[in-house]
Structures are given as structure tokens and as C-alpha cells.
Amino acid sequence: MTITDRQQLAYIAGQAADARLNLELETEGMVLNIGPQHPATHGTLRVIVRLDGEQVVAAEPVMGYMHRGYEKLTEVRTYPQVTTLINRIDWLGSFANEVPFILAAEKLMEVEAPPRAQWIRTILFELSRIANITLFLGDMAAQLGALTPVFYAFRDREYILNQIEAVTGGRFHPNFDRIGGLKDDLPKGWGEETKGALRKLSEFCDIMENLVLGNEIFAARTRGIGVIPADVAQAYGLSGANLRASGVDFDLRRDNPVGLVYDKVDWKVWTHPDGDSFARYWVRLQETREAIAIVEKLLDGIPAGPVMAKVPRIIKVPAGEAWVETENPLGAMGYYIVSKGDLTPFRVKIRSASFNNVAVAPWVLRGVYVPDVITILASLYFILGDIDR
Amino acid sequence: MSSTEVEVGPAVDEQRTALVATLSTKLGSALVGSHIRPGDDLWIRVTVDAWADTFRMLRDAHGLKFFNWLSAIDWMPSPFGRDMDAEVDSILQGKVAKAPEPTVTGYAGGDTRFQVLGRLHNLADRWGITIKADIPDDTLTVPSIISVFVGANWHEREVAEMYGIDFAGHPDQRKLYLPTGFEGYPLRKDFPLLARRIKPWPGIVDVEQMPGDDEPEEAAAED
């Protein structure tokens, strides 16, 4: 399926007209506000849907309830201070937020972290992914009314958070990555403990496979619902599992492994041809398993050596522009840093995955039934902090 | 650099150089600048009139189907001096306010205060490109690219509210994040960040002594 320019324009013009009608409340259909406080939105996203009976005529996400202006704030922070802020973008996989920013700064400074730091970075990066997606795997079922999986998810996520805390001192906001390496080395015996935690998560994945994917009701509610064709996904800039569930074989861990050591181990990129809600769940489940396997392999091969390169104590980044993006739990996340050789960045453009991933919502929600709105939004999997920045 | 781990990319990037030559013949005088970081990345700058057509051409002819993001830059140096030097700091340290620095633009050049920039990717061949365009200071108008990439819709709304740039042909330029009645354009350099104007630089807090740190040498020795 391809979409023509005219169709694309019509979608946007249609949405705009519908949204204006909604706001003025001059509609004959029913206007339903989902949010800003709704359990299915992981934060304060408000979706205005205009209904014709049970069918959605137009859906308009309203953001900004959690806009914190990070792009402005980064301009008055030194480079090491910025990581504290950007930790809070995707708060379920915080460490992963720091990495692309640090890598972009390192690129401008022409510094490279020592091999050991790169390995530990990659391990922590994948642990963030597991902690993040674990919650999705449980939560998606909760959106469909099955409350058990979400308790499993919260219980088992804790094993990973404990391991992150053991290294970084923070369960949610590690602030552990530094320009030129990492703040500290791993504690003694951490590798073995982590393998134990990963076994628990591996069991969790098996439970979810039986409990959720094997569930008839789950399949009926998700199969063929919210289909996003590959063309649409690319035009909207969808990334991560949302893109791969539409059959596009794209993973920055494999395609652009800058500064991380994904090329040192064998692993597989999972895709699904269907592009529906079921596919998005399925891909994320496989990816969690893959991430567990990646960490297990990486743990066996951590090279010895320092975890910090020689960098000046006061960090001034040379003038220039750099763009680095990595495959974060929610999708491609990147930072475009413009430096003028100062202590602070001149401009930082934050490309967060959820912003693009949710932008497709008006397109995909058009014509679906009300209960499916919740399923589709849950399967797109966004974090509000990652949309609003 | 003392580190031996630094990998030096190829000094000449033949693929990207050839690509720039191809784009140059296609775009003609619309291509006004380019910058190559060998083995890594590519920037081009086009005239604002060719902005939408360039995206369409890159999508159709070069497989750059993945729309990554669109944003803008305000190249004017902050009229408040470096934003790190809050007025409070200057008063505390007895400094005089600095004169604004000269305007310097980044890769691929630039002649105007505002530039709009976008990023596209070719997922099959794994490369990307950053496209820039100068925005005329008098009109602050750019052609919208939503007819090429529908995903640019929200990005253009964000830029419009943050920089006050008008996207010609965009049917729906309501504010995205900010309240409807918000005045001013927050990401412009002359929009003051009030918290930084009235509070001392947060780094100063670090030199406070912790309880138990009786000897100042210990605190100083910690790297």
C-alpha cells in the first residue's frame, strides 16, 4: 500500500478541521475525552476523539501537560549537567537516554571511551531496555482487563532495577554515563548476580508468552487492529518495535552501532509483517528475550582496563555539529548538538522516539472502535516524558 | 589527543562526495552549501524556495523515505551574554556584562538569523542526511513539507510555536505544547530564561561542605 501526497494532505487537513470542530463543540457526534488522567496513557496524554456511534471519526492527541522545555534548559547547563536533565525524558529506561547525548559530545571532542566502558555501557543500555519493556509486556495486558500480568511485570522488573542500582546507585535515574567513559566500575560479583536476575526475566518472558500471547481474548482484541503499513510508518518516522512490527528491518543497534559493542556478539533483529497491535507486542517480547541473550553474552567478555578515558576536568566541546542516535527501548532517540566551543551547548535538538510514534495516532485511530483506541495506544507504547520533553 | 583508541575515518569520503556532486547537478543553484564529515555524516544547505522540492527529490530518487525530524536554529548570540553568566553571578563576582559575541553559523554555512533543518534516512542502505535552509529574516516563512512527509505535521507545529516561523501550506498551525494564549517564542535566543537570570549558577552549590568534612584538604583532594 502506498500513500500519495494528496492523501497525506487530506489526512492532515481532515484532522485539523475535525479538531477545530471538536474544540468549538459544534459537532453532532459525541466528543469523548480520553485523559489527561487515564490509566491507559502512562501519564498525562489527552486524546480527544470524535465518535459516530462506537466508531472514531477523528482522534487528536493533545500534548504539553508535561512539557519541561529541555531544549531550552540544556542551553544553560554545562555538558556534564545535561545528563541529569535528559535522564527524565524516558523515565523507565533512563540510562539509555544519556548514551546518545554523551556519544554526540564525544564525537565532537574526538574522545572515545575505553573498551571496558563501552561494554558496560552496552550492558546497562540493554538492562534499561529490559526494565522498560518488561513493564510494557505486563501493562498491555492490563489495558485489556487482565490485571495479573502487570503484577508479574512489576515484580520481575525489580530484579533488573536492583542490578542497575547496584552499579549506579539509582533505580530510575542513574546519571552514570560520563563524557569519556563511566563514573565507576562494576561492583564485585555483579556479573553472576545479573545472570541470576536475567534467568528470572527469561521465565517472565515465558509466562507472558503463555499468559498473554497464547490468550484467545488477547489475540481477538489485537490481531488486525491498528494496522500501520510500512510506508506510513516511515513517513511518520516511527521507530523501534513499532517500525519493526510493520515489517521494516531497521535497528540502530545493528545498523549504526556507534560507541557501543553490539557488533561483538551475535544476535537477531526481530520483525513481524503484520503491523497490527499483536505484532507490536510480539516483537517486543522477542526483543526482550534477545536483550537478555545479548547481556548474557556480553557479561562473559567484558575486557579489563580503565572505565574512563583521559578527558579534561572542565569539559569544553569544540565548535561543530553532531548527530548521534541510538536504538532506545522506545525507538530511535538522538541528539543534534550544536556547539560553539563553550562550556554549554549552543543548541540541542532532542529527537525522542515517542513523539514520532504517537504522531501516527490520528492516522491509525481513524475508523476504529472505542475499545480499540485503548489497545492501539497501549501497543504503540509511549512514555509521556518522551513525547513532551 | 592522548587516547590511542581514536579511530580515524577515511580522510576522503568518496561516496558522499559523489552524492553531493549528483545533488549539485540536480538542484543546480538551489544547493548553496554542503559539509561532509568523512565516513560519518553529510549536511547540505538549499535555498528556502527549494526546501520542499529537495525533500521530495531525496525521498523519490535517493530512497530517503524515513522522516526522522525537523527543527530550527536561532543563530543569534544571546543578547544576555553567555547564559551561564547570570546577572547574579556577575554582581557577586564583580564582573561587567559581556558584549554579545559575533554570529557564527555552523556546517554548510548560513546567512540569516534562523535556519530550518531536517533529517532523513535511507533505511535500506543505512545512511542519513541533514538538510538546512536559511529563512528570510523579513518573512520568516518556509514551505511546509507535510505534502511530502506527513510526519512533519507535529514537528512543524513545534517549530512554529517555539520560533515563530510560519510554514506556508500547513493547514493547522495551532500550538502543540504551549497554552493557546502564550506570548513569545521560547527557543529564540532573546527569550530570557528567567530562572537563570535571578539564580546563581547551580555549580556553586557543589563547594558547600558536607557534614563531617572537617578538614578542608579532604574535600579538596577528592577528584
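How many residue pairs are in polar contact between chain B and chain A, both at pLDDT 80 or more? The count is 24. This is a predicted model, and the values below are computed from it.

**The interface**

Three residues of chain B lose the most area to chain A: Val150(B), Trp154(B) and Tyr177(B). Together they account for 14% of what the chain B side buries.

The contact draws 67 residues from chain B. Chain A brings 66 residues to it. The rule also finds 7 salt bridges across this interface. One of them pairs Asp40(B) with Lys107(A). Their closest N and O atoms are 2.7 Å apart.

Which parts of chain B supply at least two residues each to the side that touches chain A? The strands are strand 2 (41–46), strand 3 (66–74), strand 4 (114–122) and strand 5 (127–135). The helices are helix 2 (51–62) and helix 4 (152–163). Strand 3 of chain B gives the largest share, with 9 residues. By class, the touching side of chain B holds 33 nonpolar residues, 12 polar residues and 22 charged residues.

**Chain A as a whole**

Now look at chain A by itself. Chain A has 16 helices and 8 strands. Its radius of gyration is 21 Å, close to the 21 Å that the globule rule gives for 389 residues, so chain A is as compact as a globular protein of that length. Along the principal axes, its C-alpha atoms fill a box of roughly 65 × 50 × 35 Å. Of the 389 residues in chain A, 64% are buried.

The contacts in chain A can also be sorted by sequence distance. Take those between residues at least 6 apart in sequence. Of these, 73% join residues at least 24 apart.

Asn175(A) and Leu140(B) each have a positive phi in a residue other than glycine. The table sets out their values.

| Residue | Phi | Relative accessible area |
|---|---|---|
| Asn175(A) | near 50 degrees | 22% |
| Leu140(B) | near 50 degrees | 15% |

Asn175(A) lies in the loop between helix 6 (148–168) and strand 4 (177–178) of chain A. Leu140(B) sits in the loop between strand 5 and strand 6 (141–143) of chain B.

Is Leu140(B) buried or exposed? Leu140(B) is buried, because its relative accessible area of 15% is under the 20% cut-off. Asn175(A), with 22%, is partly exposed.

Conventions:
Residues numbered from 1 in each chain as written. Chains lettered and ligands numbered in written order. Predicted model: local features only at pLDDT ≥ 70, side-chain atom pairs only at ≥ 80, totals over all residues. Heavy atoms only, no water. Contact = heavy atoms within 4.5 Å. Buried area = accessible area lost by both parts, 1.4 Å probe. Salt bridge = Lys/Arg side-chain N within 4 Å of Asp/Glu carboxyl O. Polar contact = N/O pair within 3.5 Å; in protein donor to acceptor, adjacent residues only side chain to side chain. Helix = DSSP H or I, 4+ residues; strand = E, 2+ residues; numbered from the N terminus. Nonpolar A, V, L, I, M, F, W, Y, C, P; charged D, E, K, R; others polar. Rg over C-alpha atoms; globule rule 2.2 N^0.38 Å. Buried < 20%, exposed > 50% of the residue type's maximum accessible area, 1.4 Å probe, protein only.
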